[in-house]
Amino acid sequence: MSKATRTAPVSPKSPESPTSPVSHAADSHDLIRVLGARVNNLRDVSIEIPKRRLTVFTGVSGSGKSSLVFSTIAAESQRLINETYSAFVQGFMPTLARPEVDVLDGLTTAIIVDQQRLSADPRSTVGTATDANAMLRILFSRLGTPHIGSPKAFSFNVASISGAGAVTMDRGGRTVKERREFAIVGGMCPRCEGRGSVTDIDLTALYDDSKSLNEGALTIPGYSMDGWFGRIFTGCGFFDPDKPIRRFTKRQLHDLLHREPTKIKVDGINLTYEGLIPKITKSMLSKDVDSLQPHIRAFVERAVTFSVCPDCEGTRLNEAARSSRIGGTNIAEASAMQISDLTAWVRGLDEPTVAPLLTALQQILDSIVEIGLGYLSLDRPSGTLSGGEAQRVKMIRHLGSSLTDVTYVFDEPTIGLHPHDISRMNDLLLRLRDKGNTVLVVEHKPQTIAIADHVVDLGPGAGTGGGTICFEGGVEGLRTSGTVTGRHFDDRAALKEKVRTPTGALELRGASAHNLRDVDVDIPLGVLVVVTGVAGSGKSSLVQGSLVKAAPGEGVVSIDQGAIRGSRRSNPATYSGLLDPIRKAFAKANGVKPALFSANSEGACPNCNGAGVVYTDLAMMAGVATTCEECEGKRFQASVLDYHLGGRDISEVLAMPVAEAEEFFGAGEARTPAAHAILQRLADVGLGYLTLGQPLTTLSGGERQRLKLAAHLGEKGGVYVLDEPTTGLHLADVEQLLGLLDRLVDSGKSVIVIEHHQAVMAHADWIIDLGPGAGHDGGRIVFEGTPADLVADRTTLTGEHLAEYVGG
């Protein structure tokens with residue numbers, strides 16, 4: 001008999017009291033049940049998660065937390081919601097396959113707030129990402145004087161255009177032609193096209209004018225005469241490809257550089273010819289420079305000078321949009337205000353005619369301040385936000401939501417937060433829970449784990465050594481559980497008894513990037529320096545914006561938080577450069593070409609094109625991936641697998657974990673010093689368990705961060721700059737990272753770390769603390785000295801929290 005059948009009926013005259021033992025059948029669904037989850041490295045995981053509670057998932061980096069929370073629970077919730085739409089609508093949505101799991105019960109609508117960076121498009125700003133800009137534009141279109149038009153007139157993404165012409169229509173059984181005119185008033189600055197900056201291209205970086213095109217005059221990455229570009233330049237007929245460029249006429253040089261897209265025919269094929277400058281502008285300069293591939297970014301930085309647009313002075317708006325004001329303030333000035341100041345300005349507007357609009361705008365701005373981002377401005381490009389800032393921007397729209405019984409899924413919401421700010425984030429998570437929502441958080445910080453109603457610890461190790469539930473229960477139970485997280489939960493790094501002596505100093509004078517106030521500071525060399533301060537105090541502006549640019553001769557290697565880009569064909573071997581020496585070693589041992597040992601080149605299985613699986617597209621249904629029958633998922637042709645090195649074929653080598661491969665390439669017949677050096681770096685950052693051929697798309701955030709660190713460790717440089725290297729790292733992994741930083745410094749390098757983690761601060765030789773607050777309340781050096789001096793001083797927020805951490 002079902003539970004619903006057994007439930008006693010409730011009389012309408014005597015309503016059920018809160019203490020009544022009789023419960024309604026609907027109240028029994030208070031658990032999310034997962035049975036037999038096998039996504040990525042999960043090993044048949046079964047778990048029950050309480051609803052309307054705050055559950056924190058912990059475990060070492062790569063233990064399976066994201067696989068369980070994001071790739072299983074949240075992914076299935078989203079897939080089921082998508083299935084409620086019509087097949088027509090589903091055709092426009094991303095197709096999601098059902099996760100590998102036996103049973104998933106009790107799911108509610110999942111709202112995912114992850115660490116994915118916001119769009120790096122130059123037109124995307126904090127204002128456009130939070131919808132505050134849209135409301136501000138409506139406000140100025142209603143209250144601004146002089147009145148210049150609709151909200152479009154204040155948008156830097158809408159150009160002013162007008163036109164006239166004849167239109168043909170059927171009227172009363174006959175065809176009538178009428179003259180029509182139209183005009184759209186936009187706010188885009190015509191000179192910079194709404195980007196706020198103009199570009200000046202150095203022509204000497206585009207070509208060598210002493211050579212002809214056929215002699216390889218073009219020096220732009222990817223513009224070779226061997227492929228399609230060669231066919232277009234040779235067959236366009238606008239100039240002689242065998243003539244040196246310095247002998248081109250004005251007309252020919254104009255066609256080479258500036259000609260607008262023109263249809264041409266080459267060898268019977270219809271093609272489009274376009275001048276070099278408009279082509280480069282579209283393909284490279286329309287994107288955020290930091291999002292470009294390294295070799296293209298190097299070219300852009302060498303060839304292009306970006307300067308503030310002289311017409312709009314960087315505001316992106318045309319003169320008309322800037323002329324309309326509310327109480328002496330135009331929309332560009334409002335967008336440039338620190339949001340905490342803009343909130344006060346909006347609150348001071350008393351206009352009953354737009355009262356609902358002012359209320360909605362006030363709520364958004366208050367949410368931004370409350371979440372700790374009041375130091376930003378609405379015109380801040382969204383591509384410049386850190387991962388933690390981007391995640392908090394995504395949270396804004398959910399703070400005032402009236403929705404309840406929703407599952408909120410957070411991926412390390414404390415990333416980029418000073419210990420002072422973590423308590424504020426904890427309050428927000430608890431508020432979401434107290435509204436009747438289920439809150440699932442993947443987190444490493446003890447301060448956030450401590451507020452959990454329920455803790456799920458995965459492990460015991462990472463990769464193939466993880467994927468099981470080690471502990472479920474309360475925080476006190478975790479402390480005594482004996483798991484890796486439980487053992488390290490109350491760990492506190494001690495202050496160094498003896499700090500290193502600097503070998504010199506990098507002098508920074510008058511640093512004024514973003515909110516810095518003419519900062520003068522000497523950064524010691526030859527030691528471990530930690531730059532800290534509350535979020536928005538100016539740390540990244542000082543180190544990434546001033547130091548890296550001011551010390552090009554010092555061999556600065558900068559490792560930022562930028563995401564690793566890669567498809568499922570990318571893996572640790574391709575990303576780290578390890579595959580090149582491996583391919584050469586195989587080729588040398590067997591007397592064949594290295595290209596045979598690449599699954600993306602000549603050695604690829606012809607049936608699956610080297611993917612290892614065959615995809616079947618089912619339109620709006622989830623596509624099906626089946627293991628390739630010819631290569632059995634090995635990705636290579638059968639003939640390639642006949643070649644061996646040290647008794648192993650290439651597919652067996654790519655299936656090795658890093659630790660095993662390090663031993664394999666370190667001695668014996670397969671000894672390859674170049675490969676061994678890269679494998680040592682991967683093992684040094686704690687990635688010994690990763691297999692060489694594991695797709696990058698399956699790596700966790702912490703694993704990607706460490707893979708990036710390992711790849712950069714091979715660069716020649718005297719100064720290493722790391723931006724929050726503890727991102728995504730478990731407490732146990734932080735110890736290993738500190739050992740790596742020590743080895744770097746002891747080898748003669750200078751290491752500068754932007755960090756909030758108290759264990760890293762305590763381990764530093766020198767601390768530079770910025771503040772005292774964020775935005776225009778920060779931008780100053782509030783402390784310089786050793787960690788022991790900072791703890792003794794206790795005059796800054798960092799000093800207070802570090803003293804509390806070390807028990808000082």
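Contact here means heavy atoms within 4.5 Å. In this predicted model, that criterion picks out the residues through which helix H13 (residues 355–370) meets helix H12 (residues 339–347) and helix H5 (residues 132–143), as described below.

Two packed helices are described by the angle between their axes and the distance between the axes.

| Helix pair | Crossing angle | Axis distance |
|---|---|---|
| H12 and H13 | roughly 155 degrees | within 9 Å |
| H5 and H13 | about 150 degrees | 10 Å |

The axes of H12 and H13 cross at roughly 155 degrees, and because angles over 145 degrees count as roughly antiparallel, H12 is roughly antiparallel to H13. H12 passes H13 in a left-handed crossing. On the H12 side the contact is made by Ile 339, Ser 340, Leu 342, Thr 343, Val 346 and Arg 347, which meet Leu 358, Leu 361, Gln 362, Leu 365, Asp 366, Ile 368 and Val 369 of H13. Sorted by class, this contact comprises 8 nonpolar, 3 polar and 2 charged residues.

H5 and H13 pack at an angle of about 150 degrees, and H5 is therefore roughly antiparallel to H13. The crossing of H5 and H13 is left-handed. Here Ala 132, Met 135, Leu 136, Ile 138 and Leu 139 of H5 meet Leu 357, Leu 358, Ala 360, Leu 361 and Ile 364 of H13, and the class count is 10 nonpolar residues, with no polar and no charged ones.

**Backbone features in loops**

The loop between H5 and strand E6 (161–171) holds Pro 146, which is joined to Thr 145 by a cis peptide bond with omega of about -5 degrees. A cis peptide bond also joins Gly 771 and Pro 772, with omega of about 0 degrees; Pro 772 lies in the loop between strand E26 (766–771) and strand E27 (780–785). In the loop between strand E1 (31–37) and strand E2 (45–50) is Asn 40, a residue other than glycine whose phi is positive, near 50 degrees.

The model contains 5 cavities of 30 Å³ or more, and about 130 Å³ of space lies in the largest cavity. The lining of the largest cavity consists of 18 residues, of which Glu 412, Lys 445, Thr 726, Thr 727 and Gly 728 lie nearest its centre. By class, that lining divides into 5 nonpolar, 8 polar and 5 charged residues.

Methods
Residues are numbered from 1 along each chain as its sequence is written. This is a predicted model: local features need pLDDT of at least 70, side-chain atom pairs count only at pLDDT 80 or more; totals for chains, interfaces and linings use all residues. Side-chain values use heavy atoms; hydrogens and water are left out. Axes are lines fitted to C-alpha atoms, for helices over the stretch in contact, and angles run from 0 to 180 degrees between N-to-C directions. Helices (H or I, at least four residues) and strands (E, at least two) are DSSP runs, numbered from the N terminus. Angles under 35 degrees count as roughly parallel, over 145 as roughly antiparallel, 65 to 115 as roughly perpendicular and the rest as oblique. A crossing is left-handed if the near helix is turned anticlockwise from the far one by less than a right angle, and right-handed if clockwise. Ala, Val, Leu, Ile, Met, Phe, Trp, Tyr, Cys and Pro count as nonpolar, Asp, Glu, Lys and Arg as charged, and the others, Gly among them, as polar. On a 1 Å grid over the protein atoms alone, a cavity is a set of points where a 1.4 Å probe fits but cannot get out, and a pocket is an open set with protein on both sides within 12 Å along at least five of seven lines; lining residues have an atom within 4 Å of a point. Grid points are joined across faces, edges and corners, and a volume is the space filled by probe spheres set on the points.
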